[in-house]
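Here is a friendly walk through one model. Please have a look at the structure before reading on.

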Amino acid sequence: MSAQAQQSGGRSGTAAPAAIELRGISKAFGPVQANKNINLRVEKGTIHGIIGENGAGKSTLMSILYGFYKPDSGEILVNGLPLTITDSQTAIKAGIGMVFQHFKLVQNFTVLENIILGVEDGRLLRPSLAKARGVLKQLAEEYQLNVDPDETIEELSVGHQQRVEILKALYRQADILILDEPTGVLTPAEADHLFRILEGLRAEGKTIILITHKLREIMEITDNVSVMRRGEMVASVKTAETSPEELAELMVGRKVLLNVEKTPAQPGAAILEVRDLKLVDDEGVERLRGISFDIRAGEILGIAGVSGNGQTQLLELLGGYPEKGSKVSGSVRMNGEELDLTGTRSDAAIRRARGIGHVPEDRQVEGLIMDFTAWENVAFGYHHAPEFNKGWLMDNAAIREDAEAKIKRFDVRPPNANLAARNFSGGNQQKIVVAREIERNPDLLLIGQPTRGVDIGAIEFIHKRIVELRDAGKAVLLVSVELDEILSLSDRIAVMFDGRIMGERLPGETTTGELGLLMAGITDTENTPDSAGIPPDLKHVEDLPGGQP
Amino acid sequence: MEKMPKWADVILTPLISLLLAAAISALVILAIGESPWLALKTMIEGSLGSSYGWGFTLYYTTNFIFTGLAVMVAYHASLFNIGGEGQAAMGGLGVALVLLYLPLPHWLIALPVAMIGAAAFGAAWAFIPAWLQAKRGSHIVITTIMFNFIAAAALNYVLVNVLRPVGSMDPASARFPESTHLPSLSDMALAFGMEWGKNTPVNVTFFVAIGACLLVWLLIWRTRLGYEIRAFGKSEPGALYAGISPVRITIIAMLISGGLAGLMAINNVMGEAERLVLNAVEGAGFIGIAVALMGRNHPLGVFLAALLFGFLYQGGGELALWTSIPRELIVVIQALVILFTGALDNMVRMPLERLFLSMRKRGGA
C-alpha cells in the first residue's frame, strides 16, 4: 500500500485512483441517522478539509474510516481497492493514521516509548527502541517534526504532544493522515508550524484529511473541501473556488453573518474595578500574579490567551468560587462596593445577588447539571429566586413556564423543556446557559469560551445577545481562546499570560500576530498600566504550556 | 432519546432480575436435594398466605423502608451511606433514653418524642462521618462502615454497664413503661372489630414509614434543599458554580440520612421489643442498601423493594422452620436477589435496551 502512495506525488485532477473513496456510506444510531449516503473522494497528495457544524456527522464518518464503527451500507475504497475496515488495525495496515482531538498518549512514557507502543518487534524493547530512534530521526529531518525522543510526554507542550501523535501515525507508515480539530489547543504560532508540517507531508505525497470548524484554516491550507450538514455531504469543492461566506452558508443551510455587527461602545461608569489581584492555589502555584483592570458599563473587555494562563482562576474568583485552598489578595469593587474575596462570607449565590451573571467555561461540568431537565437547569443558581418558589416548596410550574419562554426566545432545539440537558447538542446547551444568565439582566456578565463546541448558527446568535447586553449598558468580561471571537466582539482586549495581563489593545488597532506574541509571553514595549514594571522575562516562554522554545 | 420506555426500566428490569435470582435459587435448592416448588410455596404461604404472615412481613418491611430511605437520600447527594446499621442502633439508644427517663403519659405523646430521640441520635451518629467527609475529605464509605462497629461496641458497653437493670443478667435495658407501648396493627384492626394479624409485631410505625416515603419524595423533588442535594450529587463543580455549599449539603444530607436510619428504632425497639436489646437492628441497615438500589432511589421504589425484602425475610424464616433447608441457604437466596437486582443490574438492562432499540427501529422503518 505504502509503495503505491509514495510513487504518486500527483495533485487532484490526475487519473490516479483516489486515496480514499467513500460510496454511499450510511450509519444510523437507533433512530438517529448520523451519516446519510455519503460520497467522498479524497485525491492522493492533497489536503482535504471536512467542515461542518457539531453533530453534522464528521466524527462518525472518520470513525467509520478508522474502523471504530461499521457502516450500515456503502463501501470504502482505499487507493482504488475496496476494503472492509473492521477495526483500527485494518485501517492502520491500509495506511490510514489518525490524530485525535484528545491525544492518546501515555503521560509518563517517553516519546519513543509512546511511538512504539503496540508495534514493538518481539519481546525485548531495546531493539524496537533503537529502530524507532533511527526512524524518528529521519522523520524529524524530513518534516520538521523535531521532538526530543527521550522526553516524557507530560514534560512536552501541547504542540509537541501533537507532533508525537503525528509521528506515531507516520511510524506506522500512514500515507493517509486524518486530523480531528488539530488546532483547538494550539497558539497561533503553533498552528502555523503545524500547517508547515502538513504542507511538508503533502509535498512528500501524503494525503491529509483535516476536520475542523474553523473556516480560516480551511481557506489557508486545504486543496479541496467537503461540507457536511445533518449527516449529509452537501458539497465538495476546490478551496480556491469558494469563499468563507459560501462555506458557512453551506454548513448552516442559510446565510450567516461571520462578523459581528456592532456600533462603537459607549462606555459609562466603571462597573468592575479589579486591583492587583493575586491567587495562589493549594499547591502553592501562583495562578494570578497581580491583575488589574476596569470594565465600564456598556463595554466588552475581551481576555485573550492560551488556556491555562490564569483565565479560569480569574473567572472562578470573580464568580465567587475560587478553588478550595487557594489564597487570594487584592481588591475587586463591583458598582463601587468591595467584594469579599476571602471566600468565607461569599459564594456564587451572593455574587449573583450582586448582579454578576456567569456563563462558565465548561457548561457540561459547571453550567448545567446534565441529568437535570432543561427546565430544572433554567433555575440552576437562581433556585432561591422568589418567583421560582412558593413557600417551602419550589414552584415547578413557574420554573417550567419561564423555561419554555426562554427556550422560545433563544430558539433552543428541540423546544422541549422536559428533555435532559445531555440530550441537547452543544450549541443548544450553551443557549440554555446563556439564556439563563443574560435574561437575569446582570450588571456584569462573566462569559468564558462562549462558543466552544458550538455550531456556527448558534455562535452568531450568542454573539448578538452578548452585544445586545452591552448595548443595554451592561459590562461584559469575555474570556476566549478563539482570537477571532475576541477580535470581533471586544471593545478592548487584554492578553493574559502566566497569570499576568501582558498588555491591552484595541481591536481595530492590533493584529493576530501582535496578540499572538503577547499570548506567548513576549512583553510589549509600549507602556500599558499592567505591563509596566514587569521586566521582559523571556525565560517564562519555555515554561509555558503553549510556549515555543 | 430514551433507550427504552420508563415502564421497562422501572418494572421489567427488576422483574427479570428477580426471576433470574429465583431460577438460580431453585437450582441451588435442587442441588441439595429439596424441592424448589415446595420451598416457594412455603415462603409465599408463610409470609403472604395469612394475616399472621403479613404481620411479620410488614414489620420487616417497615424496618427496610427506613433504612432504604436513609441510603436513598444520601445517594442523591452522591454519598454512599453504609452506616445505616450503626445509625439505626444509635437511634435505638435514643428511643430507650427518651422512653426510660422522660415521663410520657400516652403513646400519642411518646411516639413523636421518641421519634425526635431516634432521629437525633441517628443523625448525630451520621454527623461525624459527614463532617469528616466535608471538611477533611475522609471517604464516607470507610468512615460510616467503621462507625457501625463503634456503634455496636458502644451499645454493648451502655447496655451492660449503664442501662442494664440492677440484678439482671440480660444485657438489655429495662422494659419501657406501659404507657409508651405502641398499638400494633392487630390492636387497631380489633378496634374496628376485625381479627387481623394476632401476635404479630407490625405496629403503627408502618404508617409512619409510609409518611416518611411521602415526605422524602417532597424533600427530594419539591424543595430547594432537595434540588441542591440532587445538583450537588450530580456535579460538585456545578454546585459550586451555582452557589451551593458542598460542606453544607454533605452534612445536611447525611443528617437526614442518619435521622431516617435512626427512625427505624421506633419500629423495632419501641414498637416490637419494648426495650433495648443487643443487636436490635439485625442487619436491616445493610438490607437498606439493596432496597435503595433496587428501588431506583425513589420512595415508591424503596417501598416496593422493602416489601420484597420483607417477604424474603419472613418467607426465609418460615423456610427454616418448616423444611430441612438450612438457614444459611436462605441467606444465599437473599444474597442472590441483592446480586441480581443490584450489582448485576446492567446484565439484564443492556440486552433489554438493545431489544427495545431494535424493536423501535423495525417499528419506525
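## Ground rules

This is a predicted model, in which local features need pLDDT of at least 70 and side-chain atom pairs count only at pLDDT 80 or more, while totals for chains, interfaces and linings use all residues. Residues are numbered from 1 along each chain as its sequence is written, chains are lettered from A and ligands numbered from 1 in the order written, and side-chain values use heavy atoms, leaving out hydrogens and water.

Where pLDDT is low, the predicted coordinates should not be read in detail.

## Two domains in chain B

An automatic or database domain assignment divides chain B into domain 1 (1-34 + 324-365) and domain 2 (56-313). Their contact (heavy atoms within 4.5 Å) takes twelve residues from domain 1 of chain B and eight residues from domain 2 of chain B.

## Where the domains meet

The area buried between domain 1 and domain 2 of chain B (accessible area, 1.4 Å probe, lost on being put together, summed over both) is about 850 Å², with carbon and sulfur atoms giving 70%. On the domain 1 side, Gln334(B), Ile338(B) and Thr341(B) lose the most area to domain 2 of chain B, together 46% of what that side buries.

Technical notes:
Buried area is the accessible area (1.4 Å probe) that two parts lose on being put together, summed over both.
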